[in-house]
Amino acid sequence: DQRCLLVLCSTLSPALCCDWLRHYGHYSNMSLSLLRLMGGQVTEQESPVPFPYRFYISIRTTEVRSQVVFVRDSLVQIADLYRHGNLSSVTWDTDRTNGFRMSLDRQIDELRTLTVALSVALTVVLCLQGGGSAYWQLIRKETQLHLEQLDLLVNSIRSSVVSTSVQG
């Protein structure tokens with residue numbers, strides 16, 4: 001019966017979302033810690049592309065599903081930078097760098113269970129040439145900013161889900 005399927009899906013989605021929210025903080029903290037520890041002091045160099053703080057502020061006003069998709073897509077793009085880039089020019093701790101990538105992958109896997117289709121994508125453009133150590137240090141700095149902003153967004157989602165659960 002289609003009504004049973006609808007009831008089952010509407011019951012499972014909040015449960016999956018709450019489960020993801022419970023685990024997100026742990027994996028996010030792990031990712032940020034590993035990112036900070038894998039390469040020593042974070043660079044003070046400014047990115048040629050300004051950080052999109054306004055975009056993060058505006059995404060907080062969208063529906064929760066769009067916010068979750070945004071978090072997932074952002075993490076996918078961050079993970080892709082570290083997966084497909086040539087990291088041979090940096091002297092980062094290999095174990096911590098691999099742990100950082102695995103932590104991102106774990107978060108992405110959990111988010112994929114919550115969303116079906118891509119809808120909101122974050123495009124991070126770093127118009128830098130090369131791929132040397134300074135390039136990767138700047139990407140690491142920008143990654144930290146994005147992960148911190150994603151934490152704030154998830155806290156907003158958590159507050160929204162809790163207040164909806166209390167009202168419901």
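**Salt bridges and burial**

Mentor: E148 is partly exposed, at a relative accessible area of 27%. This is a predicted model.

Trainee: Why is E148 called partly exposed?
Mentor: Buried needs a value under 20% and exposed a value over 50%. E148 has 27%, which lies in between, so E148 is partly exposed. R36, at 37%, is partly exposed too.

Trainee: What makes E148 and R36 a salt bridge?
Mentor: The cut-off is a nitrogen within 4 Å of a carboxyl oxygen. The N to O distance for E148 and R36 is 3.1 Å, so the pair qualifies. The two residues are 112 apart in the chain, E148 in helix α5 and R36 in helix α1.

Trainee: How do you know that K141 and E46 form a salt bridge?
Mentor: Their closest N and O atoms are 3.8 Å apart, which is within 4 Å, so the pair counts.

Trainee: Is K141 buried or exposed?
Mentor: K141 has 15% relative accessibility, under 20%, so K141 is buried.

Trainee: Why are D73 and R72 called buried?
Mentor: D73 has 6% and R72 has 5%; each value is under 20%, so both are buried. Their side chains meet in a salt bridge at 2.8 Å, N to O.

Trainee: How many salt bridges does the whole structure hold?
Mentor: The search finds five.

Notes:
Residues are numbered from 1 along each chain as its sequence is written. This is a predicted model: local features need pLDDT of at least 70, side-chain atom pairs count only at pLDDT 80 or more; totals for chains, interfaces and linings use all residues. Side-chain values use heavy atoms; hydrogens and water are left out. Helices (H or I, at least four residues) and strands (E, at least two) are DSSP runs, numbered from the N terminus. Buried means under 20% relative accessible area, exposed over 50%, partly exposed in between (1.4 Å probe, protein chains only).
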